[in-house]
Amino acid sequence: MADLIKILIFLTGSAALGFILGRRSRNSDVAVHEHQADEQRRAFVEIKGRLERCTSKRAGLERELTQIKQGKPAEKKIAATKTPPVTKPKKQDAPKSKAPNLAPPKPKEKKAKPPKVSAKAKQEEALERVKANAQKIDFDRIGRASEAEKDNLKKIKGVGPFLEKKLNTLGIYTFAQIANFTDDDKERVNEAIEFFPGRISRDNWVDQAKNLQQSA
């Protein structure tokens, strides 16, 4: 009995399931058919509109053809084109002529040239500077002499007339004074007479003065 009831329940469920599935299938088919019908209606409307436009265009072409056969020119719509306005070139003002400058040219100012200093004046200036440097010399060590006692210092190699004047202006007149020069005296005298640095040592004034002193 229990088995019979189970079978009846199974059959009843199967029948209900088949009914539901069949209904869903029918609904799906109906939806598909409705969609297809809508597509066909839209295509029909589009084709109909194109046909109407073609018919209208054909009627217009037929009218133009009839007018041509009758010898009438076909009517054409020509877009009116606006011509740009012609602009006249502006007249350029003639360049104004400058009035001639009648004023006489200003004479160029000549720069005043510094007065030329003679060679004698330059020597005198140099001797004044040498005289001011006499206080730098240690005469207590090299000895003192006067113009009356002076030797011919030009006999020393490297001593010319103007350099002899410088040595005399400084207070150096004799070979004996030069023979007493130490290295410090050489540098002081070299600087005082504005001579080339180290020239007294290179020309060996001290030894020359000693030899000249002995031969005098």
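This is a predicted model: local features need pLDDT of at least 70, side-chain atom pairs count only at pLDDT 80 or more; totals for chains, interfaces and linings use all residues.
Start with Asn 190 and its surroundings. Leaving out residues up to four places away in sequence, Asn 190 touches Phe 195, Phe 196, Pro 197, Gly 198, Arg 199 and Ile 200. Asn 190 is found in helix H6. Is Asn 190 buried or exposed? Asn 190 counts as buried because its relative accessibility is 6%, and the cut-off for buried is under 20%.

Now step back to the whole chain. The protein chain has 8 helices and 0 strands. Read along the sequence, the pattern is α-α-α-α-α-α-α-α. The protein chain has 216 residues, and 19% of them count as buried. The chain exposes about 18900 Å². Carbon and sulfur atoms supply 57% of that area. What share of the contacts with a separation of 6 or more comes from residues 24 or more positions apart? The share is 64%.

Next comes the nonpolar core. In soluble globular proteins, nonpolar side chains tend to be buried together. Here the largest nonpolar core holds 25 residues. Leu 170, Ile 172, Val 189, Ile 193 and Trp 205 touch the most other members. Two or more core residues come from each of helix H3 (139-142), helix H4 (161-170), helix H5 (175-179), helix H6 (183-192) and helix H8 (205-215). H8 gives the largest share, 4 residues.

Take Ile 193 from this core. Apart from residues up to four places away in sequence, Ile 193 touches Val 130, Leu 163, Lys 166, Leu 167, Leu 170 and Trp 205. Two of those partners, Leu 170 and Trp 205, are also on the list of residues that touch the most other core members.

The buried residues of H4 are Leu 163, Glu 164, Lys 166, Leu 167, Asn 168 and Leu 170. What covers them? The cover includes helix H2 (119-132), H3, H6 and H8. After H4 comes Gly 171, with a positive phi near 110°.

Look at how H2 meets H4. Two packed helices are described by the angle between their axes and the distance between the axes. The axes of H2 and H4 come within 8 Å and cross at roughly 35°. The crossing is right-handed. On the H2 side, the contact is made by Gln 123, Ala 126, Leu 127, Val 130 and Lys 131. On the H4 side, Phe 162, Lys 165, Lys 166, Thr 169 and Leu 170 take part.

The loops come next. Thr 174 lies in the loop between H4 and H5. Thr 174 counts as buried because its relative accessibility is 11%. Leaving aside neighbours within four places in sequence, Thr 174 is in contact with Ala 145, Glu 149, Lys 150, Asp 151 and Leu 153.

Thr 182 lies in the loop between H5 and H6. Thr 182 counts as partly exposed because its relative accessibility is 31%. A polar contact of 3.0 Å joins the side chains of Thr 182 and Asp 185. Thr 182 and Ile 142 are 40 residues apart along the chain, and their C-alpha atoms are separated by 8.6 Å.

Finally, turn to backbone angles. Most residues other than glycine have a negative phi. Which way does phi point, positive or negative, at Glu 194? Glu 194 is not a glycine, yet its phi is positive, about 55°. Glu 194 is found in the loop between H6 and helix H7 (199-202). With 37% relative accessibility, Glu 194 counts as partly exposed.

Asn 204 also has a positive phi, near 55°, in a residue other than glycine. Asn 204 is found in the loop between H7 and H8. At 32% relative accessibility, Asn 204 counts as partly exposed.

Note on methods:
Residues are numbered from 1 along each chain as its sequence is written. Side-chain values use heavy atoms; hydrogens and water are left out. Buried means under 20% relative accessible area, exposed over 50%, partly exposed in between (1.4 Å probe, protein chains only). Contact means heavy atoms within 4.5 Å. Accessible areas come from the Shrake-Rupley method with a 1.4 Å probe; for residues, only the protein chains shown count as cover. A nonpolar core is a set of buried Ala, Val, Leu, Ile, Met, Phe, Trp, Tyr and Cys residues joined through side-chain atoms within 4.5 Å. Axes are lines fitted to C-alpha atoms, for helices over the stretch in contact, and angles run from 0 to 180 degrees between N-to-C directions. A crossing is left-handed if the near helix is turned anticlockwise from the far one by less than a right angle, and right-handed if clockwise. A polar contact is a pair of N or O atoms within 3.5 Å; within protein, one must be able to donate a hydrogen and the other to accept it, and residues adjacent in sequence count only if both atoms are side-chain atoms.
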